[in-house]
Amino acid sequence: MADKSNSNLDSMSFDTLAVRAGYLQSSFQENSEALFLTSSFTYKNAAEAARRFANEEPGFIYSRFTNPTVTMFQDRLAALEGTEACIATSTGMAAISSAVMGLLKQGDHIVSSQSVFGTVMPLLNQICKRFGIDTTWVDPTDLGAWRAAIRPNTRMLFCETPSNPLAEICDIAALADIAKKANAWLAIDNCLLTPALQRPIEFGADLVIHSATKYIDGQGRVLAGAVCGRKELIDQIYGFVRTAGPAISPFNAWICLKGLETLKLRVEAQSRSALALAHWLEAQPMVERVYYAGLTSHPQHALAMRQSALQGAVLSFEVKGARAEAWRVIDAVKMISITANLGDAKTTITHPATTTHARISQAERDAAGIGENLLRVAVGLEWIEDIQCDLQRGLS
Ligand SMILES: Cc1ncc(COP(=O)(O)O)c(C=O)c1O
(Lines give C-alpha, C1' and ligand atoms only; values in the text may rest on other atoms or scores of the structure.)
Protein backbone atom coordinates (compact mmCIF):
# COMPACT_ATOMS: atom_id res chain seq x y z
CA MET A 1 0.00 0.00 0.00
CA ALA A 2 1.29 3.48 -0.80
CA ASP A 3 0.91 6.37 1.60
CA LYS A 4 -0.73 9.04 -0.59
CA SER A 5 -1.44 11.43 2.25
CA ASN A 6 1.44 13.71 1.12
CA SER A 7 4.60 14.20 3.11
CA ASN A 8 4.12 17.90 3.90
CA LEU A 9 0.99 17.38 6.01
CA ASP A 10 2.35 19.56 8.81
CA SER A 11 1.93 22.66 6.69
CA MET A 12 -1.61 21.81 5.57
CA SER A 13 -4.83 23.28 6.89
CA PHE A 14 -7.59 21.39 8.70
CA ASP A 15 -9.75 21.43 5.54
CA THR A 16 -7.06 19.70 3.51
CA LEU A 17 -6.16 17.19 6.22
CA ALA A 18 -9.84 16.24 6.52
CA VAL A 19 -9.86 14.89 2.96
CA ARG A 20 -6.21 13.86 2.50
CA ALA A 21 -4.54 12.81 5.77
CA GLY A 22 -3.92 9.13 6.29
CA TYR A 23 -4.83 8.14 2.72
CA LEU A 24 -3.34 4.76 1.77
CA GLN A 25 -3.67 3.76 -1.87
CA SER A 26 -3.67 0.11 -3.01
CA SER A 27 -2.12 -1.19 -6.24
CA PHE A 28 -5.49 -0.50 -7.98
CA GLN A 29 -4.82 3.25 -7.55
CA GLU A 30 -8.34 4.05 -6.36
CA ASN A 31 -9.09 7.71 -5.63
CA SER A 32 -11.68 7.13 -2.90
CA GLU A 33 -10.30 5.32 0.15
CA ALA A 34 -10.97 1.59 -0.09
CA LEU A 35 -13.04 -0.43 2.35
CA PHE A 36 -11.00 -3.50 3.32
CA LEU A 37 -13.84 -5.69 4.53
CA THR A 38 -11.69 -8.63 5.47
CA SER A 39 -11.09 -10.27 8.83
CA SER A 40 -7.55 -11.42 8.04
CA PHE A 41 -4.62 -10.89 5.68
CA THR A 42 -2.51 -13.48 3.89
CA TYR A 43 1.26 -13.98 3.69
CA LYS A 44 3.52 -15.04 0.84
CA ASN A 45 4.96 -17.82 2.96
CA ALA A 46 5.36 -19.10 6.53
CA ALA A 47 8.42 -16.96 7.18
CA GLU A 48 6.54 -13.76 6.28
CA ALA A 49 3.69 -14.75 8.62
CA ALA A 50 6.19 -15.36 11.43
CA ARG A 51 7.90 -11.98 10.85
CA ARG A 52 4.55 -10.14 10.91
CA PHE A 53 3.47 -11.84 14.13
CA ALA A 54 6.85 -11.10 15.70
CA ASN A 55 6.42 -7.41 14.75
CA GLU A 56 9.65 -7.65 12.74
CA GLU A 57 8.09 -6.13 9.63
CA PRO A 58 5.13 -3.84 9.05
CA GLY A 59 1.96 -5.22 7.53
CA PHE A 60 -1.56 -6.20 8.31
CA ILE A 61 -2.44 -9.36 10.23
CA TYR A 62 -5.98 -9.57 11.58
CA SER A 63 -8.69 -6.89 11.69
CA ARG A 64 -9.12 -6.99 15.47
CA PHE A 65 -5.92 -4.95 15.60
CA THR A 66 -4.68 -4.10 12.10
CA ASN A 67 -6.74 -3.12 9.05
CA PRO A 68 -5.86 -0.52 6.38
CA THR A 69 -9.28 1.19 6.43
CA VAL A 70 -9.12 1.46 10.23
CA THR A 71 -5.55 2.78 9.99
CA MET A 72 -6.66 5.48 7.53
CA PHE A 73 -9.46 6.57 9.89
CA GLN A 74 -7.13 6.62 12.90
CA ASP A 75 -4.40 8.57 11.11
CA ARG A 76 -6.83 11.12 9.69
CA LEU A 77 -8.52 11.71 13.06
CA ALA A 78 -5.12 12.03 14.78
CA ALA A 79 -4.11 14.63 12.17
CA LEU A 80 -7.32 16.60 12.80
CA GLU A 81 -6.98 16.47 16.60
CA GLY A 82 -3.29 17.36 16.31
CA THR A 83 -2.14 14.23 18.16
CA GLU A 84 0.62 11.72 17.44
CA ALA A 85 -1.69 8.72 17.39
CA CYS A 86 -5.24 7.42 17.58
CA ILE A 87 -6.89 4.08 18.31
CA ALA A 88 -10.40 3.43 17.02
CA THR A 89 -12.94 1.33 18.91
CA SER A 90 -16.35 -0.21 18.32
CA THR A 91 -18.29 2.55 20.17
CA GLY A 92 -17.73 5.71 22.17
CA MET A 93 -18.26 3.76 25.40
CA ALA A 94 -15.61 1.26 24.23
CA ALA A 95 -13.25 4.22 23.74
CA ILE A 96 -13.84 5.45 27.30
CA SER A 97 -13.57 1.92 28.80
CA SER A 98 -10.43 1.17 26.78
CA ALA A 99 -8.74 4.40 27.89
CA VAL A 100 -9.47 3.53 31.53
CA MET A 101 -8.64 -0.18 31.30
CA GLY A 102 -5.61 0.39 29.09
CA LEU A 103 -3.98 3.01 31.31
CA LEU A 104 -5.20 2.48 34.88
CA LYS A 105 -4.75 -0.33 37.37
CA GLN A 106 -6.20 -1.57 40.64
CA GLY A 107 -5.81 1.09 43.35
CA ASP A 108 -5.90 4.04 40.92
CA HIS A 109 -8.35 6.91 41.23
CA ILE A 110 -10.27 8.99 38.69
CA VAL A 111 -11.73 12.47 39.17
CA SER A 112 -14.61 12.90 36.75
CA SER A 113 -17.03 15.64 35.92
CA GLN A 114 -20.49 14.65 37.15
CA SER A 115 -21.93 16.07 33.89
CA VAL A 116 -20.91 13.26 31.58
CA PHE A 117 -22.87 10.98 29.26
CA GLY A 118 -25.12 8.97 31.64
CA THR A 119 -23.63 5.53 30.89
CA VAL A 120 -20.18 6.68 32.08
CA MET A 121 -21.53 6.64 35.66
CA PRO A 122 -22.34 2.91 35.86
CA LEU A 123 -19.11 2.18 33.93
CA LEU A 124 -16.97 3.90 36.56
CA ASN A 125 -19.12 3.40 39.69
CA GLN A 126 -19.94 -0.26 39.14
CA ILE A 127 -17.66 -1.95 36.61
CA CYS A 128 -14.35 -0.12 37.14
CA LYS A 129 -15.04 -0.08 40.89
CA ARG A 130 -15.13 -3.93 40.83
CA PHE A 131 -11.59 -3.82 39.43
CA GLY A 132 -10.41 -1.56 42.24
CA ILE A 133 -10.54 1.80 40.42
CA ASP A 134 -12.35 4.50 42.41
CA THR A 135 -14.02 7.62 41.05
CA THR A 136 -14.83 10.97 42.67
CA TRP A 137 -17.49 13.04 40.88
CA VAL A 138 -17.21 16.82 40.80
CA ASP A 139 -19.03 19.86 39.44
CA PRO A 140 -17.22 20.42 36.11
CA THR A 141 -17.25 24.19 36.48
CA ASP A 142 -15.79 24.28 40.02
CA LEU A 143 -11.98 24.21 39.76
CA GLY A 144 -11.72 24.15 43.57
CA ALA A 145 -13.74 20.92 43.63
CA TRP A 146 -11.40 19.33 41.06
CA ARG A 147 -8.35 20.32 43.13
CA ALA A 148 -9.94 19.10 46.38
CA ALA A 149 -10.78 15.71 44.84
CA ILE A 150 -7.17 14.93 43.85
CA ARG A 151 -5.59 12.07 45.85
CA PRO A 152 -2.03 10.72 45.72
CA ASN A 153 -3.34 7.82 43.58
CA THR A 154 -5.31 10.00 41.10
CA ARG A 155 -4.26 9.01 37.59
CA MET A 156 -6.99 10.45 35.36
CA LEU A 157 -9.23 13.51 35.14
CA PHE A 158 -12.19 13.04 32.82
CA CYS A 159 -14.78 15.44 31.44
CA GLU A 160 -16.94 16.43 28.49
CA THR A 161 -16.94 20.02 27.35
CA PRO A 162 -19.48 21.27 26.52
CA SER A 163 -21.37 18.75 28.59
CA ASN A 164 -24.35 16.85 27.29
CA PRO A 165 -27.11 17.95 27.82
CA LEU A 166 -26.54 21.09 29.96
CA ALA A 167 -23.67 22.72 28.03
CA GLU A 168 -21.47 23.25 31.09
CA ILE A 169 -17.95 24.27 30.09
CA CYS A 170 -14.73 22.89 31.58
CA ASP A 171 -11.68 25.11 31.57
CA ILE A 172 -9.40 22.68 29.70
CA ALA A 173 -6.15 24.61 30.31
CA ALA A 174 -6.86 24.91 34.05
CA LEU A 175 -7.72 21.20 34.31
CA ALA A 176 -4.56 20.30 32.35
CA ASP A 177 -2.57 22.25 34.93
CA ILE A 178 -4.28 20.44 37.84
CA ALA A 179 -3.68 17.08 36.12
CA LYS A 180 -0.03 17.82 35.44
CA LYS A 181 0.65 18.79 39.07
CA ALA A 182 -1.07 15.58 40.20
CA ASN A 183 0.94 13.48 37.73
CA ALA A 184 -2.35 12.41 36.15
CA TRP A 185 -3.71 12.43 32.56
CA LEU A 186 -6.47 14.77 31.43
CA ALA A 187 -8.97 13.02 29.12
CA ILE A 188 -11.53 15.17 27.29
CA ASP A 189 -14.62 13.75 25.58
CA ASN A 190 -14.68 16.00 22.49
CA CYS A 191 -17.78 14.40 21.02
CA LEU A 192 -19.97 17.51 20.96
CA LEU A 193 -17.59 19.95 19.27
CA THR A 194 -15.22 17.64 17.37
CA PRO A 195 -11.75 18.80 16.23
CA ALA A 196 -13.45 20.99 13.62
CA LEU A 197 -14.40 23.38 16.45
CA GLN A 198 -12.22 22.52 19.48
CA ARG A 199 -8.82 20.84 19.80
CA PRO A 200 -8.32 19.96 23.49
CA ILE A 201 -4.65 19.03 22.91
CA GLU A 202 -3.90 22.71 22.21
CA PHE A 203 -5.12 23.53 25.74
CA GLY A 204 -2.95 20.82 27.33
CA ALA A 205 -5.19 17.72 27.41
CA ASP A 206 -3.43 14.33 27.20
CA LEU A 207 -6.23 12.29 25.63
CA VAL A 208 -9.15 13.19 23.38
CA ILE A 209 -12.03 10.72 23.34
CA HIS A 210 -14.80 10.44 20.74
CA SER A 211 -18.09 8.79 20.26
CA ALA A 212 -17.61 8.81 16.48
CA THR A 213 -21.21 7.56 16.36
CA LYS A 214 -22.16 11.23 16.55
CA TYR A 215 -20.74 14.03 14.38
CA ILE A 216 -17.85 12.07 12.88
CA ASP A 217 -20.26 9.70 11.15
CA GLY A 218 -22.67 12.62 11.00
CA GLN A 219 -25.56 10.79 9.39
CA GLY A 220 -26.70 8.45 12.14
CA ARG A 221 -25.53 5.21 10.50
CA VAL A 222 -22.91 3.45 12.60
CA LEU A 223 -21.45 3.12 16.10
CA ALA A 224 -17.78 3.94 16.53
CA GLY A 225 -15.31 5.46 18.97
CA ALA A 226 -11.73 6.67 19.17
CA VAL A 227 -9.03 7.82 21.58
CA CYS A 228 -6.35 10.26 20.39
CA GLY A 229 -3.14 11.23 22.19
CA ARG A 230 0.61 10.75 22.48
CA LYS A 231 1.95 7.54 20.95
CA GLU A 232 3.17 6.13 24.29
CA LEU A 233 -0.38 6.41 25.74
CA ILE A 234 -2.20 5.19 22.62
CA ASP A 235 0.17 2.19 22.42
CA GLN A 236 -0.94 1.12 25.89
CA ILE A 237 -4.63 1.51 24.97
CA TYR A 238 -3.95 -0.36 21.70
CA GLY A 239 -2.58 -3.22 23.82
CA PHE A 240 -5.91 -3.40 25.64
CA VAL A 241 -8.02 -3.17 22.44
CA ARG A 242 -5.90 -5.80 20.66
CA THR A 243 -6.26 -8.23 23.56
CA ALA A 244 -9.72 -7.51 24.99
CA GLY A 245 -11.25 -7.00 21.53
CA PRO A 246 -13.51 -3.88 21.45
CA ALA A 247 -12.34 -3.35 17.87
CA ILE A 248 -14.06 -1.21 15.26
CA SER A 249 -15.50 -2.88 12.17
CA PRO A 250 -13.67 -1.83 8.96
CA PHE A 251 -17.05 -0.86 7.49
CA ASN A 252 -17.78 1.51 10.39
CA ALA A 253 -14.25 2.91 10.18
CA TRP A 254 -14.79 3.60 6.46
CA ILE A 255 -18.07 5.43 7.16
CA CYS A 256 -16.30 7.56 9.79
CA LEU A 257 -13.26 8.14 7.56
CA LYS A 258 -15.49 9.52 4.81
CA GLY A 259 -17.51 11.42 7.44
CA LEU A 260 -14.36 13.33 8.44
CA GLU A 261 -14.20 14.81 4.93
CA THR A 262 -17.38 16.84 5.49
CA LEU A 263 -17.15 17.20 9.28
CA LYS A 264 -16.24 20.88 9.38
CA LEU A 265 -18.88 21.96 6.85
CA ARG A 266 -21.56 20.03 8.74
CA VAL A 267 -20.74 21.04 12.31
CA GLU A 268 -20.28 24.68 11.40
CA ALA A 269 -23.65 24.80 9.62
CA GLN A 270 -25.35 22.88 12.46
CA SER A 271 -23.76 25.15 15.09
CA ARG A 272 -25.01 28.27 13.32
CA SER A 273 -28.55 26.84 13.22
CA ALA A 274 -28.29 25.83 16.90
CA LEU A 275 -27.36 29.39 17.88
CA ALA A 276 -30.32 30.76 15.91
CA LEU A 277 -32.61 28.18 17.55
CA ALA A 278 -31.26 29.02 21.02
CA HIS A 279 -32.07 32.73 20.48
CA TRP A 280 -35.54 31.80 19.22
CA LEU A 281 -36.21 29.49 22.19
CA GLU A 282 -35.13 32.21 24.65
CA ALA A 283 -37.94 34.36 23.26
CA GLN A 284 -40.67 31.69 23.66
CA PRO A 285 -43.04 32.36 26.60
CA MET A 286 -43.35 28.61 27.39
CA VAL A 287 -39.56 28.24 27.76
CA GLU A 288 -38.12 28.65 31.26
CA ARG A 289 -34.40 28.47 30.42
CA VAL A 290 -32.10 27.65 27.49
CA TYR A 291 -28.74 25.90 27.97
CA TYR A 292 -26.35 26.78 25.14
CA ALA A 293 -22.85 28.17 25.57
CA GLY A 294 -23.12 30.30 22.43
CA LEU A 295 -25.67 32.55 24.17
CA THR A 296 -24.29 35.59 25.99
CA SER A 297 -26.68 34.67 28.83
CA HIS A 298 -24.67 31.45 29.43
CA PRO A 299 -22.62 31.92 32.63
CA GLN A 300 -19.45 30.57 30.97
CA HIS A 301 -19.92 32.16 27.55
CA ALA A 302 -16.51 33.91 27.60
CA LEU A 303 -14.62 30.73 28.52
CA ALA A 304 -16.59 28.74 25.93
CA MET A 305 -15.69 31.23 23.19
CA ARG A 306 -12.00 31.06 24.16
CA GLN A 307 -12.07 27.31 23.58
CA SER A 308 -14.22 27.34 20.42
CA ALA A 309 -15.66 30.07 18.18
CA LEU A 310 -18.83 28.01 17.64
CA GLN A 311 -20.59 25.99 20.34
CA GLY A 312 -21.87 22.96 18.49
CA ALA A 313 -25.35 21.76 17.64
CA VAL A 314 -26.65 20.40 20.95
CA LEU A 315 -28.82 22.61 23.12
CA SER A 316 -31.25 21.99 25.94
CA PHE A 317 -34.15 23.90 27.34
CA GLU A 318 -36.55 23.70 30.26
CA VAL A 319 -40.22 24.21 29.56
CA LYS A 320 -42.48 25.82 32.12
CA GLY A 321 -44.02 22.92 34.02
CA ALA A 322 -42.83 19.35 34.56
CA ARG A 323 -42.62 16.03 32.69
CA ALA A 324 -46.10 16.36 31.10
CA GLU A 325 -45.29 19.74 29.54
CA ALA A 326 -41.91 18.49 28.27
CA TRP A 327 -43.44 15.34 26.78
CA ARG A 328 -46.14 17.50 25.11
CA VAL A 329 -43.43 19.27 23.08
CA ILE A 330 -41.95 15.92 21.99
CA ASP A 331 -45.32 14.42 21.14
CA ALA A 332 -46.28 17.44 19.00
CA VAL A 333 -43.33 17.23 16.61
CA LYS A 334 -44.06 16.00 13.07
CA MET A 335 -40.61 16.28 11.46
CA ILE A 336 -37.95 16.18 14.19
CA SER A 337 -36.85 12.64 15.05
CA ILE A 338 -37.73 11.47 18.56
CA THR A 339 -34.52 9.64 19.41
CA ALA A 340 -31.76 9.83 21.99
CA ASN A 341 -29.01 9.94 19.37
CA LEU A 342 -27.29 13.17 18.41
CA GLY A 343 -24.89 14.24 15.68
CA ASP A 344 -27.21 13.23 12.86
CA ALA A 345 -28.04 15.33 9.79
CA LYS A 346 -31.64 14.98 11.01
CA THR A 347 -32.63 17.09 14.03
CA THR A 348 -33.38 14.93 17.09
CA ILE A 349 -35.23 15.57 20.34
CA THR A 350 -35.16 13.65 23.60
CA HIS A 351 -36.23 13.84 27.24
CA PRO A 352 -32.92 13.14 29.05
CA ALA A 353 -34.46 12.21 32.44
CA THR A 354 -36.27 9.21 30.93
CA THR A 355 -33.79 8.28 28.16
CA THR A 356 -30.05 9.10 28.20
CA HIS A 357 -30.00 9.60 31.97
CA ALA A 358 -32.65 7.03 32.96
CA ARG A 359 -30.11 4.45 34.21
CA ILE A 360 -28.67 6.71 36.92
CA SER A 361 -30.37 7.31 40.28
CA GLN A 362 -32.66 10.24 41.01
CA ALA A 363 -29.95 11.64 43.33
CA GLU A 364 -27.38 11.46 40.52
CA ARG A 365 -29.84 13.11 38.11
CA ASP A 366 -30.49 15.87 40.65
CA ALA A 367 -26.75 16.40 41.14
CA ALA A 368 -26.26 16.58 37.37
CA GLY A 369 -29.18 19.06 37.02
CA ILE A 370 -31.30 16.83 34.77
CA GLY A 371 -34.85 17.95 35.57
CA GLU A 372 -38.16 16.45 34.45
CA ASN A 373 -38.94 19.58 32.38
CA LEU A 374 -35.67 19.41 30.41
CA LEU A 375 -35.55 18.66 26.67
CA ARG A 376 -32.46 18.22 24.51
CA VAL A 377 -32.38 19.07 20.82
CA ALA A 378 -29.48 18.15 18.52
CA VAL A 379 -29.87 20.43 15.54
CA GLY A 380 -29.44 18.83 12.12
CA LEU A 381 -29.08 20.19 8.62
CA GLU A 382 -32.74 21.02 7.92
CA TRP A 383 -33.80 24.60 7.24
CA ILE A 384 -33.92 26.43 10.60
CA GLU A 385 -37.47 27.75 10.15
CA ASP A 386 -38.77 24.21 9.59
CA ILE A 387 -37.20 23.18 12.92
CA GLN A 388 -38.70 26.18 14.72
CA CYS A 389 -42.11 25.50 13.20
CA ASP A 390 -42.02 21.88 14.41
CA LEU A 391 -41.14 22.91 17.99
CA GLN A 392 -43.60 25.81 17.99
CA ARG A 393 -46.59 23.45 17.99
CA GLY A 394 -45.82 21.92 21.40
CA LEU A 395 -44.77 25.25 22.87
CA SER A 396 -47.99 27.09 22.03
C1 LIG B 1 -20.73 12.81 24.92
C2 LIG B 1 -20.86 11.34 24.68
N3 LIG B 1 -19.81 10.54 24.94
C4 LIG B 1 -19.89 9.20 24.75
C5 LIG B 1 -21.04 8.62 24.30
C6 LIG B 1 -21.07 7.11 24.09
O7 LIG B 1 -20.97 6.83 22.73
P8 LIG B 1 -21.49 5.47 22.04
O9 LIG B 1 -22.97 5.50 22.07
O10 LIG B 1 -20.89 5.55 20.67
O11 LIG B 1 -20.96 4.33 22.84
C12 LIG B 1 -22.15 9.40 24.00
C13 LIG B 1 -23.40 8.77 23.50
O14 LIG B 1 -24.42 9.39 23.37
C15 LIG B 1 -22.06 10.81 24.20
O16 LIG B 1 -23.10 11.61 23.94
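This is a predicted model: local features need pLDDT of at least 70, side-chain atom pairs count only at pLDDT 80 or more; totals for chains, interfaces and linings use all residues.
The residues of α9 that are buried are Leu-233, Ile-234, Ile-237, Tyr-238 and Val-241. Seen down the helix axis, these buried residues fall within an arc of 135°, so they line one face of α9, while the face turned away from that buried side carries the exposed residues Glu-232 and Thr-243.

The length of α9 can be checked as well: its 14 residues (231-244) should span 20 Å at 1.5 Å a residue, and because its end C-alpha atoms are 19 Å apart, the two values agree. Just after the helix, Gly-245 takes a positive phi of about 95°.

In soluble globular proteins, nonpolar side chains tend to be buried together. Here the largest nonpolar core has 119 residues, and those with the most contacts inside it are Cys-86, Ala-99, Leu-157, Ala-187, Val-227 and Leu-315; helix α10 (residues 250-282) gives the most to this core, with 13 residues. Ala-99 touches Ala-187, Leu-207, Ile-209, Val-227 and Ile-237, leaving aside residues up to four places away in sequence, and Ile-237 is one of the buried residues of α9.

Turning to the ligand, the residues around it are Thr-91, Gly-92, Met-93, Phe-117, Glu-160, Asn-164, Asp-189, Cys-191, Ser-211, Thr-213, Leu-223 and Gly-225, and this shell divides into 4 nonpolar, 6 polar and 2 charged residues.

Methods
Residues are numbered from 1 along each chain as its sequence is written. A residue is near a molecule or strand if its C-beta atom, placed from the backbone, lies within 6 Å of it. Ala, Val, Leu, Ile, Met, Phe, Trp, Tyr, Cys and Pro count as nonpolar, Asp, Glu, Lys and Arg as charged, and the others, Gly among them, as polar. Helices (H or I, at least four residues) and strands (E, at least two) are DSSP runs, numbered from the N terminus. The expected span of a helix is 1.5 Å times one less than its number of residues. A residue is buried if 20 or more other C-beta atoms lie within 10 Å of its own, exposed if 12 or fewer, and partly exposed in between; C-beta atoms are placed from the backbone. The arc is that of the directions from the helix axis to the C-beta atoms. A nonpolar core is a set of buried Ala, Val, Leu, Ile, Met, Phe, Trp, Tyr and Cys residues joined through C-beta atoms within 7 Å. Two residues are in contact if their C-beta atoms, placed from the backbone, lie within 7 Å.
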